[in-house]
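Please look over the sequence and the three-dimensional structure shown here before reading on.

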Amino acid sequence: MAQAKIQAKMSDAACAKFSRTLSMADRSGRLLESLDQLEMRVEALREAASAMEQEREWILEMIQSLQNGQEMRNICSGEREELDLTANRLMGRTLAVVISVGTIRSPQQEEALRKATSVIDEIVKKLLDDMEGGRRQLLALHAACVTEAPPVPINQKFQAIVIGCALEDQKKIKRRLETLMRNVENAEKNIKIMDHQKLETPEANGC
């Protein structure tokens, strides 16, 4: 009789233990599913923030382009002053929007990013002295960041540096170079326009 009770208790304990194990496995599975769903939301959040960051950069670039464009020069000073005030107000409101998407980097990726940034900064410093030479250098750097075969020489050394950067940093480096090249192109156009611009009478501008 006693032996039967002992065996019964052992059997009940085994069943209870087995049930708890299943319950823990189910709970673990549910938690893992929740984490998987959260991971997708995190990635969506980062992508949305990155898109907003690019939109902010584009808006700032467009405001600067309008302020420095030929159309702004073709209007009288009074209207230009009012437009400048509006553009500066929009610039200030845009700069007040702070978006930051952090990137997790290894020490090697940190060093690669530092080197890539340094190379670009050095070219930017020399742009005013040699805009055409700087533009060619920027094209060579940008060619190192694209997958398709570019029609310009590639800066092989810079390419090796960029490959060592984190993927998100590679995208940001490429975007920065594209923005710089657009700014240089616009600056060159404005210089040519100003160089060939003829003097106009106030009546021609409607002022």
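**A guided reading of the model**

Of the 207 residues of the protein, 22% count as buried, where buried means under 20% relative accessible area, exposed means over 50%, and partly exposed lies in between, with a 1.4 Å probe and protein chains only. This is a predicted model, in which local features need pLDDT of at least 70 and side-chain atom pairs count only at pLDDT 80 or more, while totals for chains, interfaces and linings use all residues. Residues are numbered from 1 along each chain as its sequence is written, and side-chain values use heavy atoms, with hydrogens and water left out.

The secondary structure comes to 7 helices and 0 strands, with helices (H or I, at least four residues) and strands (E, at least two) taken as DSSP runs and numbered from the N terminus. Read from the N terminus on, the elements therefore run α-α-α-α-α-α-α. The accessible surface of the protein comes to about 15300 Å², of which 58% belongs to carbon and sulfur atoms; such areas come from the Shrake-Rupley method with a 1.4 Å probe, and for residues only the protein chains shown count as cover. Among contacts between residues at least 6 apart in sequence, 71% join residues at least 24 apart, a contact being heavy atoms within 4.5 Å.

One place to begin is the loop between α1 (2-68) and α2 (70-73), where glycine 69 is found. Glycine 69 counts as buried, because its relative accessibility is 17%. Although glycine 69 and alanine 187 are 118 residues apart in sequence, they are 9.3 Å apart in space, C-alpha to C-alpha.

The next subject is the core. The largest nonpolar core has 20 residues, of which Ile120, Leu138, Phe158, Ile173 and Leu177 touch the most other members; a nonpolar core is a set of buried Ala, Val, Leu, Ile, Met, Phe, Trp, Tyr and Cys residues joined through side-chain atoms within 4.5 Å. Two or more residues of this core are given by each of α4 (107-126), α5 (131-143), α6 (156-163) and α7 (167-196). When its neighbours within four places in sequence are left aside, isoleucine 120 is in contact with Leu141, Phe158, Ile173, Arg176, Leu177 and Leu180.

The buried residues in α5 are Met131, Gly133, Gly134, Leu138, Ala140, Leu141, His142 and Ala143. Glutamate 132, by contrast, is partly exposed, with a relative accessible area of 33%, and its side chain meets that of arginine 136 in a salt bridge (3.5 Å, N to O). Both of these residues lie in helix α5, 4 residues apart, about one turn of the helix. An α-helix has 3.6 residues a turn, so residues three or four places apart point the same way.

How many salt bridges does the structure hold? There are 10 salt bridges, each of them a side-chain nitrogen of Lys or Arg within 4 Å of a carboxyl oxygen of Asp or Glu. Glutamate 57 and arginine 175 form one of them (3.7 Å, N to O), and this pair links distant parts of the chain, since glutamate 57 is in helix α1 and arginine 175 in helix α7, 118 residues apart. Glutamate 57 is partly exposed at 33% relative accessible area, whereas arginine 175 is buried at 17%. Arginine 176 and aspartate 121 also meet through their side chains in a salt bridge (2.7 Å, N to O). Arginine 176 lies in helix α7 and aspartate 121 in helix α4, so this pair ties together parts that are 55 residues apart in sequence. Both are partly exposed, arginine 176 with a relative accessible area of 31% and aspartate 121 with 28%. Arg105, Glu110 and Asp169, in turn, are linked in a network of salt bridges.

Last come the cysteines. The count of disulfides, defined as pairs of cysteine sulfur atoms within 2.5 Å, comes to 0. Cysteine 145 is in no disulfide, and the nearest cysteine sulfur, that of cysteine 165, is 8.7 Å away. Cysteine 145 counts as buried, with a relative accessibility of 17%.
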